[in-house]
Amino acid sequence: MSLSAPNTPDFPLVSLRPVTNHRHAWCALLLGAHPAVDVPALPRLFDECGLDAAIDGVSCVVPLADPATFGGDLVRQLPAERIVLLIPMSCCCDPAAAADLERLQRLGYRLMAQGVPETGQKLPSAVSALAIEIGSAAAEHAGLPGMLKQLPGPHLALGVDSHTSLARAFALGCSHCAGEYPLHPLHAPQQGQSRALLLKLLALVTSDADSHAIELLLKQAPTLSYQLLKLVNSVSFSLNTKIANFGHAITLLGRRQLQRWLQLLLYAQQGGEQRNPLLACAALRASLTEALSQASGGDREEQERAYMVGMFSLLDVLFAMPMVDIVAPLNLAEDVVAAIMQRSGRLGALLSIVEQSERTPTPDFAGQLTALGLTPAGYCRSLAIACRWTIQVSQGN
């Protein structure tokens, strides 16, 4: 595949899947594409589609089938210090590839081998980490924990789709994980009085209640107030001053931004060192649904509704309740309800694209984009914008 411009029909369908650490904060993005991105296309993805800006502060894990093809001037066009090259184990252990691996390491790229070396094979010194499919036979290799300890790391566990596999990954020695485990919590994160307060807050937010009424509710729940200020301050990079209290937040942020932070607050972990992993998932869905609405010609009002659709699409997971029971008392707009409940209408189509973006793209994905007037390149730019925002939310202290 050869790319002449980012809006050509053969532009790849890109996915950026989050890689998280033990605190569930995003520490890298795992690049995927259909068809697979050839090496000459990478500078366009990073520059013209905004991936370089999206990974500011984190790494990007880029699959590379053959290190010999990764050369010339293009290797110097990429931010080597922020790229991890994911290379098949068979290639890493091939003596013929040793010189290319060493060359890439000298240029500043970190090299990660996918899999476990066979008996008698030895990893070259240029390889610093392993990536393991947590449900594969490789993860059961008796010598795997020892191998991981001998390499600098950080090691990556792939296919982490449950909290059981997450615990398994950490026990093996993997500190970074990629998979759908945030969407499958062990139990309802919010219970009892905390859940009741959050549902009441949700009702106030969606009914456009007076700021004073919201402030009174937050005063009844100091933990919620604390989490709100913590969230806002963590990503208030565009403000010249830190937000000190709720009234200050109203003044500085304005009603529209405040409503967005209150929606995000629903997913914040209530106490403890770790963040609720659903926080970043909801932030990405909201931001990407909004960005796709804008890219496909939606007006400002639709973009606001699109943001809400993405944000609220995980409330049933958050509260461990049927979505119909959550949505019914909120008096939401009809198209918002239809999108959340049936994935119908234009907003529902946008949400369906966002949900599919959480997995490796399939060929029929291009048709869904076309139906909404989106191109693969435009989708990629929207995804990069959404990921950049989500990383800032995820990493905020």
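A salt bridge is taken here as a side-chain nitrogen of Lys or Arg within 4 Å of a carboxyl oxygen of Asp or Glu. The structure is a predicted model, in which local features need pLDDT of at least 70 and side-chain atom pairs count only at pLDDT 80 or more, whereas totals for chains, interfaces and linings use all residues. Residues are numbered from 1 along each chain as its sequence is written, and side-chain values use heavy atoms, with hydrogens and water left out.

The chain has 397 residues, of which 54% are buried (under 20% relative accessible area, with exposed meaning over 50% and partly exposed in between; 1.4 Å probe, protein chains only). Its secondary structure comprises 18 helices and eight strands, assigned as DSSP runs numbered from the N terminus (helices, H or I, at least four residues; strands, E, at least two). Of the contacts (heavy atoms within 4.5 Å) with a separation of 6 or more, 64% are made by residues 24 or more positions apart.

The structure holds 14 salt bridges. In one of them Glu48 is paired with Arg44, with 3.1 Å between the closest N and O atoms; Glu48 is partly exposed at 35% relative accessibility, and Arg44 is likewise partly exposed, at 24%. Another salt bridge joins the side chains of Glu290 and Arg260 at an N to O distance of 2.6 Å. Because Glu290 lies in helix H11 (residues 278-295) and Arg260 in helix H10 (residues 246-265), this pair ties together parts that are 30 residues apart in sequence. Both Glu290 and Arg260 are buried. Within helix H12 (residues 300-312), Arg300 and Glu304 are four residues apart, about one turn of the helix, and form a salt bridge whose closest N and O atoms are 3.9 Å apart. Glu304 is partly exposed, with a relative accessible area of 25%. Through salt bridges that share partners, Arg260, Glu290, Arg300 and Glu304 are joined into one network.

When neighbours within four places in sequence are left aside, the residues in contact with Phe70 include Val39, Leu42, Leu85, Arg103 and Tyr109.
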